[in-house]
Amino acid sequence: MNETEGPGLRRAGWTALPAAAAFAWAATSLRPFTGPALAVTLLTGVCILAIGARLPPADAGGRVLGLGAARGWLAVVLALAAWEWAAFVQLPRAENPTLSSLANEIFDSHLIRTAGFVLWMAAGLGIARR
Amino acid sequence: MSREIFIAGYLLIAATAAGIQAAARLTGRIPTLGETVSAVNRTWMGRWTLCALWLWAGWHFFVRAQWG
């Protein structure tokens, strides 16, 4: 059991999931490149960071590993950046897809867009929480 | 053809990441993605960079998107 997280916090997270999904559905109903979409996304971001900063820190499981041990992850990030750049500098975009253009295709589905927004909020909570 | 190659590359990178994550969980000798993010998050600059990247991702994928 995670001592710092506790069952209460985990239960609260699952309880909030339907409300978060409903909010995400509404937020991703807004048309891109509009003021309301910008306002809702930025306000959500600020609120998520504020909430996450107030949550107890996540338990590291007693393991504190330095960044030097993360060379594999650094290699993955660099490979992804290089591949993305190779696609980005070539046209047409349909033949040379970037992650953004692929996301545009996938996010055409409102349901997937909603799931993406929920994941984005969850990631923000994790980052803000430390 | 180029499209398939690029998508295969993205999938290969994702599979590599999944492999590293699995190896980290099984062996405990290398950090998981979460532990790596936590390590970055412990520094002032890393924390601000992660928060900025996360906000940028929300703006990029949900505001400046071309779906709908």
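Between chain B and chain A, 16 residue pairs are in polar contact, counting pairs with both residues at pLDDT 80 or more. Keep in mind as you look around that this is a predicted model.

**The side of chain B that touches chain A**

Three helices of chain B, namely H1, H2 (33–41) and H3 (44–62), each bring at least two residues to the side that touches chain A. H1(B) gives the largest share of that side, with 12 residues. Sorted by class, this side of chain B holds 24 nonpolar, 12 polar and six charged residues.

Here is how the contact looks in numbers, counted in residues for each chain.

| Chain | Residues in the contact |
|---|---|
| Chain B | 42 residues |
| Chain A | 52 residues |

The size of an interface is often given as the accessible area lost when the parts come together. For chain B and chain A, the buried area is about 4300 Å², and 68% of it lies on carbon and sulfur atoms.

**One salt bridge**

How many salt bridges does a search of the whole structure find over all chains? The search finds one, and the partners are Arg3(B) and Glu105(A), with their closest N and O atoms 2.9 Å apart. This pair crosses between chains: Arg3(B) sits in helix H1 (residues 2–27) of chain B, and Glu105(A) in helix H4 (residues 99–106) of chain A.

**Nonpolar cores**

The largest nonpolar core has 18 residues, and Phe117(A), Trp120(A), Met121(A) and Trp54(B) are those with the most contacts inside it. Helices H1 (6–27), H2 (35–54) and H5 (110–129) of chain A, along with H3 of chain B, each contribute at least two residues to this core. Its largest share, six residues, comes from H5(A).

Leaving aside residues up to four places away in sequence, Trp54(B) touches Gly45(A), Ile48(A), Leu49(A), Trp120(A), Met121(A), Ala123(A), Gly124(A) and Ile127(A).

Notes. Residues numbered from 1 in each chain as written. Chains lettered and ligands numbered in written order. Predicted model: local features only at pLDDT ≥ 70, side-chain atom pairs only at ≥ 80, totals over all residues. Heavy atoms only, no water. Salt bridge = Lys/Arg side-chain N within 4 Å of Asp/Glu carboxyl O. Helix = DSSP H or I, 4+ residues; strand = E, 2+ residues; numbered from the N terminus. Contact = heavy atoms within 4.5 Å. Buried area = accessible area lost by both parts, 1.4 Å probe. Polar contact = N/O pair within 3.5 Å; in protein donor to acceptor, adjacent residues only side chain to side chain. Nonpolar A, V, L, I, M, F, W, Y, C, P; charged D, E, K, R; others polar. Core = buried A, V, L, I, M, F, W, Y, C linked by side-chain atoms within 4.5 Å. Buried < 20%, exposed > 50% of the residue type's maximum accessible area, 1.4 Å probe, protein only.
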